[in-house]
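I opened my notebook to work through this one fold by fold.

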Amino acid sequence: MARSVFRFLSRQPDTVEIANQHYLLRLPRYADYRQWYRLRSESRAFLEPWEPTWRADEMTESAFRGRVVRNEQEYASGQAVPLFLFRKPDETLLGGLTIGHIRRGAAQNCMIGYWMGQKHAGQGHMYEALKLTIPYIFTVLELHRIEAACIPENTRSIRLLEKAGFEREGYLRQYLKINGQWRDHLMFSLLSADAVPNRNMPL
């Protein structure tokens, strides 16, 4: 895709970092492999019910390096912003959040997806990541709408989205193939004109 196709692409920096005093979101790097491998391996049983089937080479270093290259290509082309979430100041990897399926033209929207290491789940980290990422999507990327889909049984994800201000819009039958099965999903959305997210209950 030519970088001149969209106004957004012509001014996009070579990398992205979204941070405050407690958290850092940035593009994955080759050097992240060991942290990523440990966190994903020890969280496998926790993550598999909510993700596409892991490939046989899922955890290999070569597969990770290929993923980093694809992430950089997707970011450079304006298709996605794949981010790792770190705790500052020691840059402990907590999970990941992807701004994906970015559409311009009349749509001006994206999809978000996220994962959290099991030992870090339920501590409010992903909510804080959303609080950082949502303004980036609406002001830096200048998008109008954020969409998120989750399996109806994933109550933790539903609570997270609702707390962040997302509204439930509909029920999507057999929307994504998750852990080897086509699963129904709930669709949520957040618009740039929506109210500031509620900041009460930690997740």
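My entries on the sheet, the helices and the cysteines follow.

**Ground rules.** I'm looking at a predicted model, where local features need pLDDT of at least 70, side-chain atom pairs count only at pLDDT 80 or more, and totals for chains, interfaces and linings use all residues. Residues are numbered from 1 along each chain as its sequence is written, and side-chain values use heavy atoms, with hydrogens and water left out.

**Sheet.** I took helices (H or I, at least four residues) and strands (E, at least two) as DSSP runs, numbered from the N terminus. Two strands pair if DSSP finds at least two bridges between them. I found an open sheet of eight strands with mixed pairing, in the order E1-E2-E3-E4-E5-E6-E8-E7. Its edge strands are E1 (17-19) and E7 (167-178), each pairing on one side only.

**E2 and E3.** I looked up how E2 (residues 23-26) meets E3 (residues 81-87): they run antiparallel, joined by four bridges. Arg26 sits opposite Phe84 in E3.

**H6.** Which residues of H6 (residues 155-163) are buried? I noted Ser157, Ile158, Leu160, Leu161 and Lys163 (buried means under 20% relative accessible area, with a 1.4 Å probe and protein chains only). These pack against E5, H5 (125-140), E6 (145-150), E7 and E8 (181-191), with contact meaning heavy atoms within 4.5 Å. After H6 comes Gly165, with a positive phi near 100°.

**Cysteines.** I counted zero disulfides (a disulfide is a pair of cysteine sulfur atoms within 2.5 Å). Cys110 counts as buried because its relative accessibility is 0%, and Cys150 is buried too, at 5%.

Conventions
Buried means under 20% relative accessible area, exposed over 50%, partly exposed in between (1.4 Å probe, protein chains only).
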